[in-house]
Amino acid sequence: MEFLANGINKIFNGILSRYFSTMRQKILLVAVSGVVLASIVYTLESLRSEHEIMNQEINKKVEVVIKLATNLGELPLLSKNPEVMKKTLASLMNVADVSYAAFYDYDMDLLEKTGDTPRPVCDHPRSLETSFMDGEDHIDLCAPVFTVRAGEDIDMFREDDTKEKREQVGWIRIGFSKASLKKAQHSLIFRGILIAVIFTLVSGLLIYKLTAAATKPLTLLSGAVKSVRNGKYPEVSVSSGDEVGILTSEFNRMSRAINEREDMLITRAKLSAFVSDIGFVLTEGGPLQATLQHCTDIIVTQIDTALARIWTFNKEENAFELMASSGIYGLADSPVSRLSAGDSTFWTVAQKLQPQFGNSIEGLNAGEREWARDKGIVSFALYPLAIESRLVGMLEIFSGKQFLEETFNSLDTVSDEIAIGIQRKLAEQHIEASLVEKEVLLREIHHRVKNNMQVISSLLNFQTRYVNDKQFIGILNESQNRIKSMSLIHEKLYRSSDLSNIDFNDYINSLASDLFKFYGVDSSRIALNLDIGKIAFEIDTAIPCGLLVNELLTNSLKHAFPDGRKGEIDITLRKKEPDGADNYELIISDNGVGIPEDFDISKTRSLGLQLIHTLTEHQLQGRLDLDRTNGTRFHISFRALRYKKRI
Amino acid sequence: MLSYVIRILLRHEGIVLRHNYKYFFLSTVLIAVSLYACPAESAEVLIIGDSQLKPVSELIAGIEDALSVTSTVKAPADVKDNLESIVYREGAKAVVALGQDAVNISLSLPESIPVIYALIINPPDTARGNITGVYMATPVSEYMSFINKYFPDIKRVGIVCDPVTRSVICPAEHRANAKLYDATNPYEFISAVSGMRGDVDALLLLPEKNLLSQTAIEKAFIFSFREKIPVIGISEKYVKTGSLFSLGFNPEHMERQIGNLIIKVLNRGSASGIPQSPPERFTLYINRKTAEATGIRVPPELINIAERVYP
């Protein structure tokens, strides 16, 4: 028995836990189950009782009808008159639910019948009591009919101690239809079920409402606890003073404390982020005014102030100039953009270098208070922006809300940051101005070097007019071109944006164009094919590399295509990817007549080729390869040189 | 025994004691001698009757008191099959049959044995001789003369009777002012009663067992009150339940009447020639409410002479 009880408990608890998670659902399940069970039991019991009552009523009715029938049947059976019997049977048929009736004589031979008698032969036992057979559609009853006579002759004269003689005169058989009984039973069942269903529904609804009302505090508390899991700490209304109410009150107290701490942490985090953002803005590049405007924007946005302004102090003019303003006034529409010395809270703070702030406007002078009231201002903060007691500006804040102490502290920190930021920005402006000045000077130097080289080149050109020896003229011209190639380097440098790198594509284009012009070569006769990537060299690499291009291109123009031969010159400069970022290869080739096989570049006395050898191996510390299979092809591998400090 | 006989004689035959002391003395002596000569178990009169029934036991007591001879009482069931041998064994000179069963059994006796009956309604329908007795049915003539005398407004009296017994119960000479209806069973009785509507002023019930079932009687009373036609007869029992009046036999007088009859038979040694007779005296019972309900005026003197007035 105990095992069975435990099993039922386990199953019940298992179902409850598995499918009904809340207390309300469990209570509802148990209560509604109980109501349904009670309703079923009550309905079945009611049906049984009413069925029993109905049977009793039917039995009473049958008894009455049988009694009536036996009384009415006495005379017809005594008379044996068919008409009388028919009349009597007809009267019995008028009784509700009587479907047939018949008279039988003492020997149970049928005398008369009416209605739909199932079997004319009466199967009932010959009993002195009423017998009945319960059929499918009828209750078949058969009752003996008696007549009462005086038992003794003397009985007709004497009343006392008489013996009346009951003499059976026949039988009467009556069939009661079950149709109305079945109809009544069906109606009874339907009504019972309907009442049970209505009762169950109404009870279920009431239980639901009661359960909902009873478990509402628990449900609210449960929902609040779930919210805690999601990081929210709501408060639940306390509707009673019971244990649940006490628990709810304690929960509310806990939620309040956590919320306050969380709000504090959030505020601190916001203020920390605010200070950090201001600091980040101040360390960014850009003009001072834009930076300070960004700062006031952040102050208005993150501290939720009505007006934030930053003034810089002009010591020479003893005046503050408005550098940034956000909130109700922008920088452009600010009614005041310059503050000279005067009698105001602002100047008092500036002179004392002591911040003034508060969640009240009482600290302001009368005019300022009127303005503050007009704008709905309830708190203000004025911070002097100073570096080591040197005033650089003022931070001015007005708000329509009360400030926390932490906010004032953060604004104090921010004011220091802004002061430092202003100081740094001013220093940066100074450095930038100095850099510009130096850049201008450097460009001027490169320009002057280029001009000097141009002068030298012009002098050499001028010298050629006084020389008749063509070889000497050629030497001068080559020197002139070498100077031009170096001059072109300086020109490209002072024209470049950063003064340190020369765009070599642009440089070789210019150089090649100049050489083609100098040697009067038509590009339709000798085509120049350049394949130069986006490569820039510093001046230490650019000058030897430029001289190499100058020498090799000059060599091709002068010697590769004699007698007006046509051809092509290819110049390729590219990075050698497998070898690394700083390794390059310069390939200058032509499909001209080529260099004789017995020509040794390392032993030649040609200045140009010696220069090529020297520049490659000594200046660029590269390698020179010569390919003579199809014209001439110089392949120079080198590493870009790093700038070396010379001072 | 002697004193017992004397006491009876003193009670019932006061005339004898008062007028003929000698005759009384001789008779006493003769009886004493005869009693002494008889065997101890013998009885001159054998009474057959169910002494369990009160009317029977009362009548037996009355008869025994009235008789100066020995008698013995037997139940009908005890003598049903051997009545004759019992009669001879007892040496009975006469058989007194009380009630229908007893009469039926007694009719089987040889005619040599006289039979005196009582407590049956009408004279038995038998061809057997040597039989006499007192039946209980009040003659129709008694009722008719009583009605004529005291209820002159009742001109026509309806009577329902079995055609078989009509001549016995209601002989033709008694049918003046009477209208007869035939019926053989209670249903026909009721039908006959229903058919009396407007034809009669009163319904006289005759003690016909075959006709008067309980239902038939109830129907008759319903008809009576509905049609304001009073039912008359049969006995106090019927008056009590709605009959206007009845003339029933007087039990005490009937005891004497039967006692005398027995003595007469014993004296003559036979019942032949002694007529069967109705009761000689009657007792009047009246129901005043029925009279009121049916609109019948009851003469005041009847109230005085009535044995009992209901309610």
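This is a predicted model: local features need pLDDT of at least 70, side-chain atom pairs count only at pLDDT 80 or more; totals for chains, interfaces and linings use all residues.

User: Why is Tyr181(B) called buried?

Analyst: Buried requires a relative accessible area under 20%. Tyr181(B) has 13%, so the residue is called buried. Tyr181(B) belongs to strand β7 of chain B, residues 178–182.

User: Which residues does Tyr181(B) touch, leaving out those up to four places away in sequence?

Analyst: They are Gly158(B), Ile159(B), Val160(B), Cys161(B), Ala192(B), Gly195(B), Met196(B), Asp199(B) and Val200(B). To be listed as touching, two residues need heavy atoms within 4.5 Å. A separate value concerns Val164(B), 17 residues from Tyr181(B) along the chain: the two C-alpha atoms are 12 Å apart.

User: What makes Thr211(A) a buried residue?

Analyst: The relative accessible area of Thr211(A) is 5%, and the limit is under 20%, so Thr211(A) counts as buried. Its place is in helix α4 of chain A, residues 179–229. With neighbours within four places in sequence set aside, Thr211(A) is in contact with Arg24(A), Ile27(A), Leu28(A) and Lys216(A).

User: Which backbone oxygen does the side chain of Thr211(A) reach, and why is this a polar contact?

Analyst: The side chain reaches the backbone oxygen of Ile207(A) at 2.5 Å.

User: How do you know that the side chains of Gln293(A) and Ser326(A) are in polar contact?

Analyst: The contact between these two side chains is 3.0 Å, and the definition asks for a pair of N or O atoms within 3.5 Å; therefore the distance qualifies. The side chain of Gln293(A) also reaches the backbone oxygen of Ser325(A), at 2.9 Å. Gln293(A) lies in helix α6 of chain A, residues 288–303.

User: What is said to cap the N-terminal end of α10(B)?

Analyst: Asn185(B) is the cap: one of its side-chain oxygens lies 3.0 Å from the backbone nitrogen of Tyr187(B). The buried residues of α10(B) are Pro186(B), Tyr187(B), Phe189(B), Ile190(B), Ala192(B) and Val193(B).

User: What makes a set of residues a nonpolar core, and which members of the largest one touch the most others?

Analyst: Members must be buried nonpolar residues joined through side-chain atoms within 4.5 Å. The largest core has 96 residues, and those touching the most other members are Ile174(A), Ile63(B), Leu98(B), Val160(B), Phe189(B) and Ile262(B). Helix α2 of chain A, residues 23–79, gives the most to this core, with seven residues. A second, separate core of 43 residues includes Leu573(A), Ile588(A), Leu620(A) and Phe638(A).

User: How many residues of each chain are in contact between chain B and chain A?

Analyst: On chain B there are 31, in contact with 23 residues of chain A. The two chains bury about 2600 Å² between them, with 59% of that area on carbon and sulfur atoms. Tyr187(B), Lys209(B) and Lys237(B) supply 26% of the area that chain B buries against chain A, more than any other three residues.

User: How many salt bridges and polar contacts link chain B and chain A?

Analyst: The count of salt bridges is zero, whereas four residue pairs are in polar contact across the interface. The side of chain B that touches chain A divides into 15 nonpolar, eight polar and eight charged residues.

How values were computed: Residues are numbered from 1 along each chain as its sequence is written. Chains are lettered from A and ligands numbered from 1 in the order in which they are written. Side-chain values use heavy atoms; hydrogens and water are left out. Buried area is the accessible area (1.4 Å probe) that two parts lose on being put together, summed over both. A salt bridge is a side-chain nitrogen of Lys or Arg within 4 Å of a carboxyl oxygen of Asp or Glu. A polar contact is a pair of N or O atoms within 3.5 Å; within protein, one must be able to donate a hydrogen and the other to accept it, and residues adjacent in sequence count only if both atoms are side-chain atoms. Ala, Val, Leu, Ile, Met, Phe, Trp, Tyr, Cys and Pro count as nonpolar, Asp, Glu, Lys and Arg as charged, and the others, Gly among them, as polar. Helices (H or I, at least four residues) and strands (E, at least two) are DSSP runs, numbered from the N terminus. Buried means under 20% relative accessible area, exposed over 50%, partly exposed in between (1.4 Å probe, protein chains only).
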